[in-house]
Every structure is written in C-alpha cells, then in structure tokens.
Amino acid sequence: MAMSAMESVDPEPLDEVATAAYAHLFQALADPTRLTLVQHLASGEHRVRDLVEHLGLAQSTVSKHLGFLLECGLVTLRPEGRSTWYSLAEPELLRRLTAAAEGILKATGTDAVLCTHLRQPHRHRSTATGTATATATGDA
C-alpha cells in the first residue's frame, strides 16, 4: 500500500552523543584563530614558539587554542626533549573536509579558498629535523 503525501514516517531519534561530537568538531573549526592554526599546521609540525613567531599571536592564545584542537583530536603532539611538536592528526581527512566546505560555500554564493596547505599534500619537511623548506606560499 502506497503512502500518501499527508502520511509521514516517524523519523529516527537523534543521537545526542553523535550530535554533540559533531558540534564539538565544527566548534573547533569555527574559531578564526583555531582555523589559522590548522592552516599553518597543514604545512608541517611546529612548536608553540614557532606558531607564536609565525602568526604573531600571544603564547597563551596559541596554547589555549592548541589545547582545544588536541581535545577535539584534530591535532597531535610529539614531545622531544624540552620541546613539544604539534601536527595535524588527520591531514588528508582535513583536506577532504576543507574541499567539501569550499564546495558548500561556492554553492551558497561565497567563493572562498583556504591556504593551499589544506588543499593539497604538502612537501614541507618537518622543522624538527632542522631541514625545513619554504612552501610555495612562503609561510613555512
């Protein structure tokens, strides 16, 4: 028996835990400072002091936002001696998410593109080795 347009199917109940997890992820990327850090980390791993120098932000600001990105699982850390190196946990997944966001923005009338580091795999070597190379945008 076919359903008429007036009849409806009960929707599945929303998963509140999943909804909160998605909201937390999108909250992490909604802050301009955190999104700037993500874009910069797409060029390779950095220490807090590198990010402070490169971005001109206060150390406390960088640390606070890296903590949030760590909590969300977007960033990982690697201790080395007295330093801690931060990098993107899933760079390829972030590239795909960024591409999807660009598509949505374009479809809704906004032509916006983030840094090339998030759009294509980087060739930047780790700054931990002391052999850092400048990227095409020169912000390594």
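Q: By class, what residues make up the lining of the largest pocket?
A: In this predicted model, the lining of the largest pocket divides into 12 nonpolar, 1 polar and 1 charged residues, where Ala, Val, Leu, Ile, Met, Phe, Trp, Tyr, Cys and Pro count as nonpolar.

Q: What is the volume of the largest pocket, and which residues are the closest to its centre?
A: The volume of the largest pocket is about 260 Å³. Of the 14 residues that line it, Leu35, Leu97, Thr98, Ala101 and Leu114 are the closest to the centre. Two or more lining residues come from each of helix 1 (16-30), helix 2 (32-41) and helix 5 (91-107), and the largest share, 6 residues, is that of helix 5.

Q: What makes a residue count as lining the pocket?
A: The criterion is one of distance, in that a lining residue has an atom within 4 Å of a point of the pocket.

Q: Why is Leu94 called buried?
A: Leu94, which is found in helix 5, has a relative accessibility of 7%; buried means under 20%, and therefore Leu94 counts as buried. Across the protein chain, buried residues make up 27% of the 140 residues.

Q: Why is helix 2 described as roughly perpendicular to helix 4?
A: The axes of helix 2 and helix 4 (residues 59-72) come within 10 Å and cross at roughly 80 degrees. Angles of 65 to 115 degrees count as roughly perpendicular, so helix 2 is roughly perpendicular to helix 4.

Q: Which residues make the contact of helix 2 with helix 4?
A: Helix 2 contributes Thr33, Arg34, Leu37, Val38 and Leu41, while helix 4 contributes Thr61, Val62, His65, Leu66, Phe68 and Leu69. By class, the residues of this contact are 7 nonpolar, 3 polar and 1 charged.

Q: What pattern does the protein chain follow along the sequence, and how many helices and strands are there?
A: Read along the sequence, the pattern is α-α-α-α-β-β-α, with 5 helices and 2 strands in the protein chain.

Q: Of the contacts in the protein chain with a separation of 6 or more, what percentage do residues 24 or more positions apart account for?
A: Residues 24 or more positions apart account for 51% of those contacts, where contact means heavy atoms within 4.5 Å.

Methods
Residues numbered from 1 in each chain as written. Predicted model: local features only at pLDDT ≥ 70, side-chain atom pairs only at ≥ 80, totals over all residues. Heavy atoms only, no water. 1 Å grid on protein atoms, 1.4 Å probe; cavity = no way out; pocket = protein on both sides within 12 Å on 5 of 7 lines; lining within 4 Å. Points joined across faces, edges and corners; volume = space filled by probe spheres on them. Helix = DSSP H or I, 4+ residues; strand = E, 2+ residues; numbered from the N terminus. Axes fitted to C-alpha atoms, helices over the stretch in contact; angles between N-to-C directions. Parallel < 35°, antiparallel > 145°, perpendicular 65-115°, else oblique. Buried < 20%, exposed > 50% of the residue type's maximum accessible area, 1.4 Å probe, protein only.
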